[in-house]
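Me: Hi! Could you walk me through this structure? I'd like to start with the charged side chains.

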Amino acid sequence: IVVAHVDEVDIGKVKIGMAARINLDAYAGQPIDGTVTSILYEGSNVSNVITYGVKVEPRLVPPFFRSQMTASVSFISERKENTLLIPSAALKTSGKGESEVVIPGPDGKPVNKSVEVGLNNGDEAEIISGLNAGDSILVVADRYVPQQAKTSSPLFPGRPRSSASPSGSGGARRSSSNQAAPQRQ
């Protein structure tokens with residue numbers, strides 16, 4: 001039996017008899033199907049996060065299964081077969097609150113097209129209507145903006161920026177001048 005620790009925000013979604021998939025860190029490419037057999041009533045508080053133990057029993061126990069192995073468990077709340085899936089990042093919401101995708105138009109320019117969305121797990125979304133298998137869609141990515149380094153420290157607002165040492169090592173260096181440098185306090 002694998003005991004998964006589920007956050008209090010998600011525990012209401014877990015039900016006894018629910019399908020689950022166990023992934024052992026040591027055997028990452030070999031998922032094991034299982035079923036939720038028990039949800040513990042006593043929570044644990046770790047770093048101000050309340051979690052509840054959920055016992056998952058594997059359907060078949062593989063020979064490599066060992067006590068105390070690190071595992072992650074995915075709970076399967078809904079499942080559909082033979083559906084049309086697109087990346088969730090391709091979806092956007094119109095001004096009227098409808099789901100849309102961007103497709104290449106007849107002249108090659110992007111065109112918005114309304115779609116009806118079914119299940120969505122955050123990575124992929126089911127398309128019920130509006131697209132067919134093999135249709136092209138465009139995924140609009142946000143423009144990357146690199147972070148800018150701060151020019152001063154909030155702890156020392158008037159302090160000038162330090163310059164790198166001539167050797168590039170960033171360590172202490174001896175001044176060749178006999179003049180004292182002005183200091184700020």
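Me: How many salt bridges are there?
Reply: The count comes to four salt bridges. Keep in mind that this is a predicted model.

Me: OK, which residue does Arg21 pair with?
Reply: Arg21 forms a salt bridge with Asp33, and their closest N and O atoms are 3.0 Å apart. This pair links distant parts of the chain, twelve residues apart: Arg21 is in strand β2 (residues 19-24) and Asp33 is in strand β3.

Me: What does Lys13 pair with?
Reply: Lys13 meets Asp10 in a salt bridge, 3.4 Å from N to O. Lys13 is exposed, with a relative accessible area of 56%, whereas Asp10 counts as partly exposed at 33%.

Me: New topic: which residues make up the nonpolar patch on the surface?
Reply: Ile1, Val3 and Leu40 form it, and together they have about 260 Å² of accessible area. Leu40 sits in strand β3 (residues 32-46) and counts as partly exposed, at 33% relative accessibility.

Me: Now the strands. How do β7 and β8 pair?
Reply: Strand β7 (residues 92-93) and strand β8 (residues 99-104) pair in the antiparallel sense, over two bridges. Lys92 stands opposite Glu100 in β8.

Me: What about β8 and β9, how many bridges join them?
Reply: Five bridges join β8 to strand β9 (residues 110-114), and these two also run antiparallel. Glu100 turns up again here, with Ser114 in β9 as its bridge partner.

Me: Which residues take a positive phi in those hairpins?
Reply: In the hairpin of β7 and β8, Gly97 takes a positive phi near 85 degrees, and there are five residues between the strands. In the hairpin of β8 and β9, which has five residues between its strands, Gly108 takes a positive phi near 90 degrees.

Me: Last one: where do side chains point in a regular strand?
Reply: In general, they alternate between the two faces of the sheet.

Notes:
Residues are numbered from 1 along each chain as its sequence is written. This is a predicted model: local features need pLDDT of at least 70, side-chain atom pairs count only at pLDDT 80 or more; totals for chains, interfaces and linings use all residues. Side-chain values use heavy atoms; hydrogens and water are left out. Patches are made of residues with over 30% relative accessible area and no salt bridge: like charges are joined within 9 Å, nonpolar side chains (Val, Leu, Ile, Met, Phe, Trp, Tyr) within 5 Å. Accessible areas come from the Shrake-Rupley method with a 1.4 Å probe; for residues, only the protein chains shown count as cover. A salt bridge is a side-chain nitrogen of Lys or Arg within 4 Å of a carboxyl oxygen of Asp or Glu. Helices (H or I, at least four residues) and strands (E, at least two) are DSSP runs, numbered from the N terminus. Buried means under 20% relative accessible area, exposed over 50%, partly exposed in between (1.4 Å probe, protein chains only). Two strands pair if DSSP finds at least two bridges between them.
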